[in-house]
Amino acid sequence: MPNTSQVISCKAAICWGAGKPVTVEEIQVDPPKATEVRVKMLCASLCHTDISSIQGFPYINFPLALGHEGVGVVESVGDQVRNLKEGDVVIPTYIGECQECENCVSGKTNLCLTYPIRLTGLLPDNTSRMSIRGQRLHHVLSCATWSEYMVSDANYTLKVDPTIDPAHASFISCGFSTGYGAAWKEAKVESGSSVAVFGLGAVGLGAISGAKMLGATKIIGIDKNEMKREKGEAFGMTDFIKAGDSAKSVSELVKEMSGGMGVDYSFECSGVAPLLTESVEATKVGTGKTIAIGTGTEPIIPFGLTSIMYGRTLKGSVFGGLKAISDLSIVANKCQKEEFPLQELFTHEVPLTDINKAFELLKKPNCVKVVIKMSH
Ligand SMILES: [Zn+2]
Ligand SMILES: [Zn+2]
């Protein structure tokens, strides 16, 4: 048992610079400061955004302790922490929720102004508790989950039911919840409506799941990978388009499948730049709404202006508009009660020491989620 007031040495996945290889090295994790908790990670997972992280987007600060999906147990707490205690099972969040700021009380956004996204990769006091050979490590936003131990601010940490399946808890800490929230909180999908989801990774499958929960009757999934058909159906997809199989554009195919007018809502979850225009074109003129949740690595992309001129709406979203405490705890409860088939996402598993294999596995057509197991 580590002494809670001591520095812990442990293994973590590190990236030393944009495009540099990922290495598993021994790091030091300091005890938590007043508003922080030190977390012993149970398991983590790989999200497509992690690939952008090691390519240096949108962060510029290295060395970087990697990973933002995961679940762990609180090992020690700072002396001002009231909502968490040793032994609590927690998932780190990359946005907080103060429930008091202008944005939190607006009921319109999850982008809390008191506890914003940490684009610096540092804790709110602009430092981190992680270091390697005396050099400070940065996080992916507010956490670093591919580490045996990490410190996060208590305001960016959600307590979950300790009986929750650890792998499933990891999946809802980013990807799946982002899609689910986009349908629930951003699009506010209505019963009987039609939906198209571009890209059937964990985010897209989450959007399908959310659309189904809200009563959408036509849920069209689009992916270039035929193996995603079965996954989509498990979460409630009603129709599948295999991208690249037809001379027609995907938006034309969606329109054909939805009575010629297009769908009420679309979700761009692939991050593939040309699909943003397609996802908007696939919605109804005058009323269609598109939520963009896929992240690519290009900050500026071409966009078909005419697609949005005829009364359609395009909205961006962080974490699917989910508030980090009030909304994510609802998703966590549903996860704990197995209301969605999250086992369908779990396709591969690697130990932390084999983290590079996880990136290789993610390229395989049958891969949805790679779980990263901690050795302790
Ligand atoms: Zn707030
Ligand atoms: Zn993510």
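**Exercise 1. Is Glu 338 buried or exposed, and how many other C-beta atoms lie within 10 Å?**

Solution. Glu 338 is exposed, because 12 other C-beta atoms lie within 10 Å. The cut-offs are these: a residue is buried if 20 or more other C-beta atoms lie within 10 Å of its own, exposed if 12 or fewer, and partly exposed in between, with C-beta atoms placed from the backbone. Next, look at the backbone: Glu 338 has a positive phi of about 55°, although it is not a glycine. Finally, find its place, which is the loop between helix H10 (326-336) and E17. Helices (H or I, at least four residues) and strands (E, at least two) are DSSP runs, numbered from the N terminus.

A note before going on: this is a predicted model, in which local features need pLDDT of at least 70, side-chain atom pairs count only at pLDDT 80 or more, and totals for chains, interfaces and linings use all residues. Residues are numbered from 1 along each chain as its sequence is written, while chains are lettered from A and ligands numbered from 1 in the order in which they are written.

**Exercise 2. Find the place of Lys 188 and describe its phi.**

Solution. Start in the loop between helix H4 (175-187) and E11, where Lys 188 sits. Its phi is positive, about 55°, although Lys 188 is not a glycine. Then count: Lys 188 has 12 other C-beta atoms within 10 Å, so it is exposed.

**Exercise 3. Which residues does the cis peptide bond join?**

Solution. The bond joins Phe 62 and Pro 63, with omega about -5°. Pro 63 lies in the loop between H1 and strand E4 (64-65).

**Exercise 4. Work out the strand order of the open sheet of 6 strands.**

Solution. First, the order is E13-E12-E11-E14-E15-E16, with parallel pairing. Two strands pair if DSSP finds at least two bridges between them. Second, the edges are strand E13 (239-242) and strand E16 (313-316), each pairing on one side only. Third, the twist from one strand to the next averages 15°. Now zoom in on one pair: strand E12 (residues 218-223) and E13 run parallel and are joined by 4 bridges, and Asp 223 has Lys 242 in E13 as its bridge partner.

Helix H5 (residues 202-213) lies across strand E11 (194-198), E12 and strand E14 (265-268), at about 175° to E12. Helix H7 (residues 250-257) packs on the sheet as well, touching E11, E12 and E13, and its direction makes about 155° with that of E13. Axes here are lines fitted to C-alpha atoms, for helices over the stretch in contact, and angles run from 0 to 180 degrees between N-to-C directions. Contact means that the C-beta atoms of two residues, placed from the backbone, lie within 7 Å.

**Exercise 5. Which residue in E18 is the bridge partner of Val 350?**

Solution. The partner is Ile 372. Strand E17 (residues 346-351) runs parallel to E18, with 5 bridges. Strand E3 (residues 36-45) is antiparallel to E18, with 3 bridges, and here Ala 44 stands opposite Ile 372. As for cover, 4 of the 5 residues of strand E18 (residues 369-373) are buried.

**Exercise 6. How far apart are the C-alpha centres of domain 1 and domain 2?**

Solution. Begin with the division, domain 1 (8-173 + 345-373) and domain 2 (175-319), whose bounds come from an automatic or database domain assignment. Their C-alpha centres lie 28 Å apart. Across the boundary, 18 residues of domain 1 are in contact with 14 residues of domain 2.
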